[in-house]
Amino acid sequence: MFFASRNFCCHGIRTYQLRTYLLSRSIKHSASATMAFRHKNTRRIEGLDSNVWVEFTKVAADPSIVNLGQGLPDISPPSYVKEELAKAAAVDRLNQYTRGFGHPSLVKALSQVYERVCGRKIDPLTDILVTVGAYGSLFSTIQALIEGGDEVIIIEPFYDCYEPMVKMAGAKPVFIPLRCKNDGNSASSADWVLDPAELANKFNSKTKAIILNTPHNPIGKVFTREELQVIADLCIKHDTLCISDEVYEWLVYKGKKHIKIATLPGMWERTVTIGSAGKTYSVTGWKLGWSIGPENLIKHLQVVHQNTLYTCPTPLQEALAQAFWRDYKRMDDPDCYFYSLSRELESKRDRMAELLKEAGLKPVIPDGGYFMIVDVSTLNVDLFDVDEKQPYDYKFVKWMIKSKKLSAIPLSAFCGPETKKQFEKYIRFCFIKKDSTLDAAEVILKNWNKQ
Amino acid sequence: FLSLFLQAKMSRPVQARRLEGIDKNIWVEFVKLAATYSKVNLGQGFPDFPAPDFVREALSRVLGGENHMLHQYTRAFGHPPLVKVLAQLYGKLLGRDLDPLTNVMVTVGAYQALFCCFQAFVDEGDEVIIIEPFFDCYEPMVKMAGGTPVFVPLRLKAPKDGKMMSSADWQLDPAELASKFNERTKAIVLNSPNNPLGKVFSRGELELIADLCVKHDVLCISDEVYEWLVYDGKELIRIASLQGMWDRTVIIGSAGKTFSITGWKVGWTVGPDRLLQHLRTVHQNSVYHCATIAQEAVAQGFQRELMLYGKPESYFVQLPKELQQKRDWLVQSLEAVGMKPIIPEGTYFLVADISQFKSDVPDVPNSDEPYDYRFAKWMIKNKGLAAIPLSAFYSEAHKSNYSNFIRFCFAKEEATLKAANDILQKWKKEKNS
């Protein structure tokens with residue numbers, strides 16, 4: 001190996017040659033990494049290798065643990081959704097490639113559903129891109145529209161992938177936290193708000209986009225029209241794009257309404273709205289999502305898509321299209337899955353809240369989504385023997401998994417470096433779980449103090 | 001009133017610079033044309049025959065079963081039963097012990113595997129060697145990663161007297177190849193069996209490439225999606241099995257090509273952990289999970305194949321046998337009408353020289369569009385027969401090097417190939433009358 005012959009004795013002429021070589025490469029390495037240095041990761045993924053899910057899904061994979069951590073339903077998707085997939089897979093042509101930017105019947109169905117919701121014409125071919133989950137939509141949007149020199153505003157706590165995706169695009173994440181307006185005494189997700197002056201301060205000439213997530217993961221906040229207007233005004237004033245992650249759009253509880261920021265004046269032309277089949281139909285394993293917006297933005301997402309994975313699976317898209325048609329036709333009917341799922345989840349939400357209160361915990365009741373955050377500091381659990389270097393909530397969850405056989409996700413996973421202290425007393429529970437899972441959780445929570 | 005800053009921002013394009021020069025895509029155009037005009041589609045590479053029974057049965061089983069958790073997320077880097085069987089299969093093929101968790105990663109088609117490789121290893125200023133003709137996405141993917149594609153052509157050597165051209169006649173010039181390697185070379189992309197030519201690189205050719213990779217400490221991205229489609233009893237040699245190559249190679253495979261289910265978009269990468277760890281980082285920050293059900297069905301397909309490995313009922317034996325017949329049929333068909341086929345050693349593509357049909361599509365001097373593009377488009381619109389121009393698989397600078405060739409896909413039902421033959425025969429008669 002030509003490089004190995006230059007060993008690191010660092011004397012005389014070799015020092016000069018070695019230094020010049022190293023300087024010209026500008027890469028640090030150790031003596032043992034001779035070959036490895038050329039094969040190390042690119043700059044764009046530097047520091048992006050760790051991931052809360054990889055850590056916690058491994059830990060909670062034990063079937064004896066009641067898993068309220070990762071956001072995946074253990075309830076069954078509606079039977080017609082599964083049937084449509086079986087039907088689609090039986091058609092030979094549907095086992096081969098379809099249109100890259102989205103299977104024709106699916107983009108048509110999506111355009112109809114969202115035309116109705118948004119009250120505007122949506123062209124299925126130019127205004128929609130189908131992606132591998134909402135995750136893929138976030139990636140396509142950020143890769144298409146964000147680059148080095150840009151700043152992107154991220155509201156904390158945030159779905160954890162926003163930060164690494166913004167960094168991978170070479171841009172700088174600028175964080176702003178939701179703050180509890182009742183001095184930490186929060187009973188509802190609506191208590192968590194942005195400070196308008198603080199938000200305005202985050203915008204500058206470099207701000208390319210703001211990422212909005214409503215209904216919000218993990219808190220469950222459903223942004224009000226007034227709150228959205230504050231954001232919209234700033235976007236328009238600073239000519240900023242809005243990436244609106246609305247995967248939980250149908251999961252909104254009594255008294256609340258999901259409002260699409262893209263429908264506010266001046267916002268359609270600067271907003272990419274993201275949706276998810278996984279959350280809409282309880283099929284997270286289908287990994288289908290979509291981006292909807294004006295052609296002049298979506299066309300760039302399409303370019304990213306055609307250079308990353310080109311097309312999404314055909315039979316899944318066909319089945320999803322059929323499911324959408326079925327529910328589109330009953331959007332005036334309370335039996336429409338978009339509404340019936342929400343009702344089912346509301347009672348699970350309420351049950352979960354009761355169980356947590358009984359165990360002496362203070363849950364923050366979400367107005368939407370299927371997560372609930374809880375302040376666990378009130379329990380005063382002694383965690384000194386758990387790994388010191390991690391934030392309190394990480395330690396708490398690991399302890400809870402081990403000693404209570406119940407899993408959740410630590411909230412500091414959803415925060416930037418400055419706010420970890422603010423949120424490390426919270427953990428997140430997922431309640432889109434079947435009754436027997438919630439029953440098992442109930443047993444644990446009822447017996448919490450008896451150990 | 002607009003501030004100067006705002007005006008400056010508004011005058012900048014909204015899209016990121018990484019999209020520069022990668023917005024055009026031949027498939028978008030040709031797929032649309034085929035959908036609109038073609039009666040017989042031998043263009044885009046996908047089978048028009050059904051997926052094998054055992055795969056369809058696996059899917060039925062999976063969908064009909066009680067386990068509805070298969071509709072939820074699975075392990076991000078690959079559904080456990082799938083990575084397990086892939087590790088077993090490739091371990092066997094490479095003569096190595098492979099760890100399913102660290103030596104295998106599942107992707108959304110081989111396409112996404114390629115994307116992960118370029119994003120993980122190609123930085124601004126890195127050079128990536130691409131052998132022409134190439135599957136068209138390599139070039140834009142390298143560019144999107146900020147890299148510089150460096151092209152080296154396979155050159156057509158005249159076949160021996162009387163023999164038909166073969167994909168084996170397309171060869172690299174060793175000195176020319178060596179000259180492309182320098183200290184900025186990060187990787188070389190190898191595609192064997194090669195799309196579009198069907199070339200199956202020989203051991204000697206692979207050793208040539210391997211020596212240069214080792215000498216210059218270069219990575220090898222080995223796109224082996226057509227690995228089972230090798231004809232005439234030829235052996236596919238995997239470059240990762242050559243001396244010094246395992247540690248620097250990422251192998252890419254595809255369920256779409258292996259099991260004739262391109263619409264399921266399941267692919268994989270196989271390689272050493274120290275390379276795959278970086279692919280995992282890209283994957284977890286781009287798509288994260290792949291569809292569970294698709295992976296479960298593919299896993300069951302592989303389990304069946306592993307049991308039947310080497311036996312006549314194995315799909316890996318049956319499919320190439322069937323496709324070889326179709327290849328030979330198409331070769332005869334093209335020869336009979338005066339299109340000169342280059343007999344492919346592998347893949348389900350065949351390239352043919354259409355010089356004898358040029359009179360139908362006159363040359364337009366100083367045209368921006370390569371001749372074969374115009375020919376192919378004319379043929380779709382006027383004859384209803386879809387094929388892809390060979391220059392689609394060349395870099396911009398070299399598009400006119402071989403302007404008389406088009407690529408046919410022969411992974412088609414007999415009826416389709418017969419219909420293509422009818423069109424060609426009719427066309428020939430029209431020319432001669």
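Mentor: Contact here means heavy atoms within 4.5 Å. The model under discussion is predicted.

Trainee: How many residues of domain 1 of chain A are in contact with domain 2 of chain A?

Mentor: Chain A is divided into domain 1, made of 50–75 and 336–446, and domain 2, made of 79–329. Their C-alpha centres lie 24 Å apart. By the 4.5 Å cut-off, domain 2 of chain A contributes 40 residues to the contact, and the number from domain 1 of chain A is 40.

Trainee: Which three residues supply 23% of the area that domain 1 of chain A buries against domain 2 of chain A?

Mentor: The two domains of chain A bury about 3,300 Å² between them, with 57% of it on carbon and sulfur atoms. On the side of domain 1, one trio supplies more of the buried area than any other three residues: A:Phe338, A:Asp367 and A:Phe414.

Trainee: With which residue does A:Lys256 form a salt bridge?

Mentor: Across the interface of the two domains of chain A, the rule finds 2 salt bridges. In the salt bridge of A:Lys256, the closest N and O atoms are 3.9 Å apart, which is within the 4 Å cut-off. The partner is A:Asp367.

Trainee: Which element gives the largest share of the side of domain 1 of chain A that touches domain 2 of chain A?

Mentor: Across this interface there are 17 residue pairs in polar contact. Elements that give two or more residues to the domain 1 side include helix H2 (52–59), helix H12 (337–358) and strand E12 (371–375) of chain A. The largest share is 7 residues, and it comes from H12(A).

Trainee: What area do chain A and chain B bury between them?

Mentor: In the contact of the two chains, 85 residues of chain A meet 82 residues of chain B. The size of an interface is often given as the accessible area lost when the parts come together. For chain A and chain B, 53% of the buried area is on carbon and sulfur atoms, and the total is about 7,100 Å².

Trainee: How many charged residues does the side of chain A that touches chain B have?

Mentor: The count between the two chains is 3 salt bridges, and A:Arg43 forms a salt bridge with B:Asp123. There are also 43 residue pairs in polar contact between chain A and chain B. By class, the side of chain A that touches chain B has 40 nonpolar and 28 polar residues, and its charged residues number 17.

Terms used
Residues numbered from 1 in each chain as written. Chains lettered and ligands numbered in written order. Predicted model: local features only at pLDDT ≥ 70, side-chain atom pairs only at ≥ 80, totals over all residues. Heavy atoms only, no water. Domains from an automatic or database assignment. Buried area = accessible area lost by both parts, 1.4 Å probe. Salt bridge = Lys/Arg side-chain N within 4 Å of Asp/Glu carboxyl O. Polar contact = N/O pair within 3.5 Å; in protein donor to acceptor, adjacent residues only side chain to side chain. Helix = DSSP H or I, 4+ residues; strand = E, 2+ residues; numbered from the N terminus. Nonpolar A, V, L, I, M, F, W, Y, C, P; charged D, E, K, R; others polar.
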